[in-house]
Amino acid sequence: MATCDALLKTPTAYSTNHTISSSSSSSVSMKHHETTESPSSSTSKSRFEAYNRLQSAAVAFGEKLPIPEIVALGGQSDGKSSLLEALLGFRFNVREVEMGTRRPLILQMVHDPTALDPRCRFQEEDSEEYGNPIVLSSAIADTIKSRTDALLEKTKTAVSSKPIVMRAEYAHCPNLTIIDTPGFVLKAKKGEPESTPEEILSMVISLASPPNRILLFLQQSSVEWCSSLWLDAVRDIDPTFRRTLIVVSKFDNRLKEFTERWEVDRYLSASGYLGEKIHPFFVALPKERTAVSNDEYRKQISQVDSDILRHLKENVKGGYDEEKYKSHIGFGCLRDYLESELQKKYKEATPATLALLEQRCSEVTAQLNIMDSKIQATSDVAYLRRSSMLFASSICNHVGALIDGAAYPDPEQWGRTTEEEKSESGMGSWPGIISDIKPPNSTLRLYGGAAFERVVHEFRYAAYSVECPTVSRDKMANIILAHTGGGGGSGIAEAAVEIARAAAKSWLAPLLDTACERLAFVLRNLFDLAMERNQDLHFDHGKRTGDMDGYVGFHAALRRSYNCFIKDVAKECKKVVRQHLDSVTSPYSQVCYETDVSFGPGSKSNFSCPDLSDQENVPPVNSNKKEDQETTAGEASLTLSETQSLHQAKEHGNFIESGASKSKLLDSQKGSQVGSVYSEICSLAAQHFARIREVLVERSVTTALNAGFLTPCRDRLMVALGQDLFGVKDEKFMDMFVAPGAIDILHSERESLQKLQKMLHSCLTEFKSVATSL
Ligand SMILES: Nc1nc2c(ncn2[C@@H]2O[C@H](COP(=O)(O)OP(=O)(O)OP(=O)(O)O)[C@@H](O)[C@H]2O)c(=O)[nH]1
């Protein structure tokens, strides 16, 4: 930045005619603050004052305004505090505060020729007011320490970016504002959290990042650039050093090393490492810590400056390249440069600041108007009814749009994959199905209508992955024997149908319930999405959709009402799909007979009490792991072979009296053809099951789910919400809007907005007059 060649000749704000002589640069520059001010300097001064006030106001109100500011940064003990003291022209001992800098310090130095003793005042925390002047310099350090302690205690952190603002009016300081920052450290101090170095680094980075800030980077002269610890951190913030001023501190420590001119010139050029265009300042300050008067202290500063220049001229063979480097050697040069640089930035930034202030003023006025109408509206039932209805209707429209297919808000952020839907809804896998069901698009983040459709697909996949479950011989016997007993037929067909119906009922019913719950979850999520859409697309077809910000009670009621609606719809839909299931599995349903199912060799006419006892109790088709699935509750636990034997005994009129042992009966019933009957029934049952499932899934359920969920969401949602929220007496309706303390909050918000408005207006007026006097 200003260290570039082109800027080397920038005149200082107060010394248009002065040239820094090798022997007395600092003293000359020191004196000019005490001379009468020219008209241009009074403009600079009022500009400086205007920026200072804006800066304190910005700090007090948390306004982020791009005011030109200087931020001093560097490693611990690199001399920042000493430099600040030198700039102020008196010692205030900040560097002896034991804890070190843990909060940024905004030091507003105001050159006031009438203030022969420094007048320091601290800005109150969270206010733009300044406290009473502090005279004792030790009291300044104490105030900084106690404020730092109090805030860190509150925030429970080791550092805080909330600045302390100190204004110092003094006849011997320049008009300059500098933000002092905690020094970078490699290791935390004893008793401090280990993360302190990182916290300091990230805090300083965030303080130095706004492009309106000038960075004043200090590094001790004893450190070579190639081994600089913090240069890279600064380079990360400002890669080309466009807005960075580099200061080599404690220059006195290096001086003794130079004997030849080339050595000094090479060192002063810092070339090779910082680049040709970067010219650091070389500064040394008094190292004596003895208590001296302020006058004496300033004399020492000037003396060090003169001593350095004299040393370079007289003690180095051939001196040094004065033309090139003199303007960058000594504290006085740095101070004048900083002052003029800041003034230059202030001048450049004035039009933009003025424009920004005008914009902020109108924004805050608009906010204040909204706040006024909000406060007024808190008691206006008609207004609240109107705007809340408008809001609810807008939410319903957004829900409808999301169901019909929308890609806003961002699906990547708001959508869910099938896995996420499953885990978040608390419904992991489909009941009774072990295999992982992955519908098409399961890895995509979907919501609304798309997610709904995907769940329907998933349900179909789940339903088709169910096979007709295994039926034990006992159960089968119980069914068959009952049928053969009634009509004299073999009962195979009836048994197969009955088995299929019972299986369909017990296996498909939980799947239907799960599908309904999953779909309800998808629809329930739409509320948040609709709110998000509503917030961003605040206007619906050009009409304002009701600003209901802050009405927490209403928002909660609206959400609750929406959730209830979805719950009711899901309950209703569950009933409907259950009815469909009941209907396809009812004894009157012809679904199983609609197909041309071949009943095979073991048909009704051939049935003659087959002995199933030797056959393995495994159905021909069953991919489910769940064995011996219950088809009807409380079935007898006899084995089919036993039942069959009993049946035979009954047939011979010998059921009670026969006395034949079970084993004998079993032996007598071994036959070659009977095994196939069990398999045949299982196979037939599987076919019927598949048929029932197909009819259920394809013909009725998919349509029922759409009609049961989506149609009400499109057509009935607003009516339901309306009845629930607005179909009540005013008194009850107002319950949603009168939260204890809510109106007080609105009033206090209004009060702070009013203060902000006042402050912005006064800054605006000030800047307007500064701008016109340019
Ligand atoms: N020799 C010499 N010593 C200096 C100079 N400037 C400062 N010092 C000394 O260096 C030490 C550290 O200086 P500070 O100003 O406290 O450094 P700092 O960067 O503020 O350190 P922290 O606040 O701990 O980050 C003090 O003892 C100063 O007296 C200088 O130009 N020359």
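**Entry 1: ground rules.** Helices here are DSSP runs of at least four residues, numbered from the N terminus. I also note that I am working with a predicted model.

**Entry 2: M736.** With that in hand, I looked up M736 and found it in the loop between α24 (730-735) and α25 (742-772). Is M736 buried or exposed? Its relative accessible area is 11%, and buried means under 20%, so I put M736 down as buried. Next I listed what M736 touches, leaving out residues up to four places away in sequence: G553, F554, A557 and L725.

**Entry 3: the cores.** F554, one of the residues M736 touches, turned up again when I opened the largest nonpolar core. That core has 90 residues, and F554 is among those with the most contacts inside it, along with F459, L523, L558, I681, L705 and F709. Beyond its neighbours within four places in sequence, L558 is in contact with F391, A392, I395, F527, L721 and L725. L725 was already in my notes as a residue that M736 touches. I also found a second, separate core of 67 residues, which includes F48, I70, I214 and Y346.

**Entry 4: the ligand.** How many residues surround the ligand? I get 17, the closest being S77, S81, S82, K250 and L285. By class, I have two nonpolar, eight polar and seven charged residues in this shell. Helices α3 (80-88) and α7 (252-255) each supply at least two residues of it, and α3 gives the largest share, with three.

Then I went through the polar atom pairs:

- A polar backbone atom of K80 is 2.8 Å from an oxygen atom of the ligand.
- K250 brings a polar side-chain atom to 2.8 Å from a ligand oxygen atom.
- For D252, an N or O atom in the side chain is 2.9 Å from a nitrogen atom of the ligand.

**Entry 5: E412, for contrast.** I found E412 in helix α13 (residues 411-414). Here the relative accessible area is 65%; exposed means over 50%, so E412 goes down as exposed. The C-alpha atoms of E412 and R445 are separated by 5.9 Å, with the two residues 33 apart along the chain.

Definitions and conventions. Residues numbered from 1 in each chain as written. Predicted model: local features only at pLDDT ≥ 70, side-chain atom pairs only at ≥ 80, totals over all residues. Heavy atoms only, no water. Core = buried A, V, L, I, M, F, W, Y, C linked by side-chain atoms within 4.5 Å. Buried < 20%, exposed > 50% of the residue type's maximum accessible area, 1.4 Å probe, protein only. Contact = heavy atoms within 4.5 Å. Near = heavy atom within 4 Å. Polar contact = N/O pair within 3.5 Å; in protein donor to acceptor, adjacent residues only side chain to side chain. Nonpolar A, V, L, I, M, F, W, Y, C, P; charged D, E, K, R; others polar.
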